[in-house]
Amino acid sequence: MGHLTHRDLNASRERLRDQVAHALRAALISGELRPGAVYSAPTLAEDFGISATPVREAMLDLAREGLVEPVRNKGFRVTEVDERDLDQYTEIRALIEIPITGRVTRTATRDELEALRPLAEEIVRAARDHDLIGYLEADRRFHLALLGLAGNERLVETVSDLRKRTRLYGLTALDERGELIPSAEEHLELLDVMLAGDAEGAEACMARHLGHVRSLWAKGKRPAEA
């Protein structure tokens with residue numbers, strides 16, 4: 001294949017399997033690995049210059065995250081999310097996250113909310129540093145930690161699964177245009193509204209943020225598929 005951007009993998013620093021999975025996530029985000037395409041572990045291993053075993057194991061990790069799906073005797077297909085799927089997943093997230101944000105605003109302590117600030121700042125920092133994987137990971141941790149304050153573990157698991165199914169493709173183009181930074185800064189805005197005790201304002205802020213994320217996904221999807 002030979003198209004995958006070369007990435008140095010150093011097994012002495014961390015498990016090779018984890019490094020490969022990290023590199024593959026980066027390739028998914030950048031659009032190097034295209035939605036709907038099938039990739040074999042041996043071919044990807046050639047791009048990395050390593051054996052197929054850690055690549056196959058990493059792909060299985062990504063399959064559990066919903067990023068790829070096994071294709072018998074061929075390899076792994078990058079999962080696709082069409083517009084209808086995305087709208088439905090976003091609607092479910094809105095039904096859960098908007099009212100829960102209002103509830104948490106009313107019930108959480110100031111210390112519990114302030115504990116989210118480092119995560120919100122990390123999201124902004126990652127966006128400014130063009131760290132796309134860091135951006136997505138910090139964003140995931142912030143939203144799930146916020147929902148966790150409601151005390152319902154199953155609810156957190158549900159949203160976590162929905163987030164995996166609606167991950168962003170083609171973020172590189174959005175990053176280059178600086179469009180991720182405003183979305184990142186919305187987390188700090190939301191936190192400030194919650195700390196002010198404005199439950200209705202927090203719900204409105206979350207609704208706007210989810211709509212913004214939906215718009216970003218649609219914009220980022222096209223360059224990756226062009």
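This is a predicted model: local features need pLDDT of at least 70, side-chain atom pairs count only at pLDDT 80 or more; totals for chains, interfaces and linings use all residues.

User: OK, how many salt bridges does the structure hold?
Analyst: There are 15 salt bridges in the structure.

User: Let's pick one. What do the side chains of R163 and D139 do?
Analyst: They meet in a salt bridge, at 2.4 Å from N to O. R163 sits in helix α8 (residues 153–165) and D139 in helix α7, so this pair ties together parts that are 24 residues apart in sequence.

User: Is D139 buried or exposed?
Analyst: D139 counts as buried, because its relative accessibility is 9% and the cut-off for buried is under 20%.

User: And R163, buried or exposed?
Analyst: R163 counts as buried too, at 12% relative accessibility.

User: What else is D139 in contact with?
Analyst: Leaving out neighbours within four places in sequence, D139 is in contact with I123, R163, H187 and H209. The side chains of D139 and R163 are also joined by a polar contact of 2.4 Å.

User: How accessible are R141 and E122?
Analyst: R141 counts as partly exposed at 34% relative accessibility. E122 is partly exposed as well, with a relative accessible area of 25%.

User: What about E114, which residue does it form a salt bridge with?
Analyst: E114 forms one with R117, and the closest N and O atoms are 3.0 Å apart. E114 is partly exposed, with a relative accessible area of 28%.

User: New topic: helix packing. At what angle do α1 and α7 pack?
Analyst: Helix α1 (residues 16–30) and helix α7 (residues 132–148) pack at about 95 degrees, and their axes are 9 Å apart. The two helices are therefore roughly perpendicular to each other.

User: Which residues make that contact?
Analyst: On the α1 side there are H22, R25, A26 and I29, and α7 brings L132, I133 and L136. By type, the residues of this contact divide into 5 nonpolar, 1 polar and 1 charged.

User: Where is R17 found?
Analyst: R17 is in helix α1. At 23% relative accessibility, R17 counts as partly exposed.

User: How far apart are R17 and D61 in sequence and in space?
Analyst: They are 44 residues apart in sequence, and 9.1 Å apart in space from C-alpha to C-alpha.

User: What does R17 touch?
Analyst: Not counting residues up to four places away in sequence, R17 touches P54, E57, A58, D61 and R64.

User: Last one, why would side chains like these pair up at all?
Analyst: Side chains of opposite charge can pair when their charged atoms come close.

Methods
Residues are numbered from 1 along each chain as its sequence is written. Side-chain values use heavy atoms; hydrogens and water are left out. Axes are lines fitted to C-alpha atoms, for helices over the stretch in contact, and angles run from 0 to 180 degrees between N-to-C directions. Helices (H or I, at least four residues) and strands (E, at least two) are DSSP runs, numbered from the N terminus. Angles under 35 degrees count as roughly parallel, over 145 as roughly antiparallel, 65 to 115 as roughly perpendicular and the rest as oblique. Contact means heavy atoms within 4.5 Å. Ala, Val, Leu, Ile, Met, Phe, Trp, Tyr, Cys and Pro count as nonpolar, Asp, Glu, Lys and Arg as charged, and the others, Gly among them, as polar. A polar contact is a pair of N or O atoms within 3.5 Å; within protein, one must be able to donate a hydrogen and the other to accept it, and residues adjacent in sequence count only if both atoms are side-chain atoms. A salt bridge is a side-chain nitrogen of Lys or Arg within 4 Å of a carboxyl oxygen of Asp or Glu. Buried means under 20% relative accessible area, exposed over 50%, partly exposed in between (1.4 Å probe, protein chains only).
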